[in-house]
Amino acid sequence: MTDTRADAVDLIDPPSALQRDLSVAGLVSMNAVWTALPGGRTNQVWRVEDESGRRVVKLYAKSGGTPLFRNDPKAEAMVLEAIKGRNLAPEPIFSGDLPSGAVLVYAHQRGSPWRSGLAPVAHLLRSLHDLPLHADLQPMPSASDDARSLMAQT
């Protein structure tokens, strides 16, 4: 069956160095089953399953920033920590720099991507925006949003 979704990407196997680094750190067993997840435009993402359960492993691209969207593993980990336990995002498990690269590991959420119905999304976003800004989180720097910058990126 051919995947015709617009967000389909080339799915690649995890680097053996990443598997080894996560195993040494006690985060993933060497016999874990890795399944590449579609949708990432910049970073590589896998669902990993072993005797400890399911989680998602995100390996950040070394030069993944864009003019509009930062690719900041530390900021993403801080946001997950700040909203942990509020049923707004997956629970963080690990974030850090390993020899194989910057990695974020979080609990796998069962479900499917949002496709329709604005009310649940609006409610979720309202819950998120009602939270106080965590003291360690800095406002996002301004990104170029002029027409030329947008056209160049897209």
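Visitor: Which residues is Ser29 in contact with, leaving aside its neighbours within four places in sequence?

Guide: In this predicted model, Ser29 is in contact with Asp50 and Glu51. Ser29 itself sits in the loop between helix H1 (16-24) and strand E1 (33-36).

Visitor: What makes the pairing of the side chains of Ser29 and Glu51 a polar contact?

Guide: The side chains are joined at 3.4 Å. The cut-off for a pair of N or O atoms is within 3.5 Å, so the pair is called a polar contact.

Visitor: Why is Ser29 called buried?

Guide: Its relative accessible area is 17%. Buried means under 20%, so Ser29 counts as buried.

Visitor: Asp50 is the other contact of Ser29. What does the side chain of Asp50 meet in a salt bridge?

Guide: The side chain of Arg55, at 2.7 Å from N to O. The rule asks for a side-chain nitrogen of Lys or Arg within 4 Å of a carboxyl oxygen of Asp or Glu, and therefore the pair qualifies. Both Asp50 and Arg55 are buried.

Visitor: Why are Glu49 and Arg54 called partly exposed?

Guide: Glu49 has a relative accessible area of 35%, and Arg54 has 28%.

Visitor: What makes Arg126 exposed?

Guide: Its relative accessibility is 55%. Exposed means over 50%, so Arg126 counts as exposed. The side chain of Arg126 meets that of Asp130 in a salt bridge of 3.1 Å, N to O.

Visitor: How many salt bridges does the rule give?

Guide: The count comes to five. Side chains of opposite charge can pair when their charged atoms come close.

Visitor: Which residues of H1 are buried, and how do you know that they are on the same side?

Guide: The buried residues of H1 are Leu18, Asp21 and Leu22. They cover an arc of only 95 degrees around the axis, which puts them on the same side of H1. The face turned away from that buried side carries the exposed residues Ser16 and Val24.

Visitor: What do the buried residues of H1 pack against?

Guide: They pack against E1, strand E2 (44-50), strand E3 (53-59), strand E4 (92-98) and strand E5 (101-107). The secondary structure of the protein chain comes to four helices and five strands.

Key. Residues numbered from 1 in each chain as written. Predicted model: local features only at pLDDT ≥ 70, side-chain atom pairs only at ≥ 80, totals over all residues. Heavy atoms only, no water. Helix = DSSP H or I, 4+ residues; strand = E, 2+ residues; numbered from the N terminus. Buried < 20%, exposed > 50% of the residue type's maximum accessible area, 1.4 Å probe, protein only. Polar contact = N/O pair within 3.5 Å; in protein donor to acceptor, adjacent residues only side chain to side chain. Contact = heavy atoms within 4.5 Å. Arc of directions from axis to C-beta.
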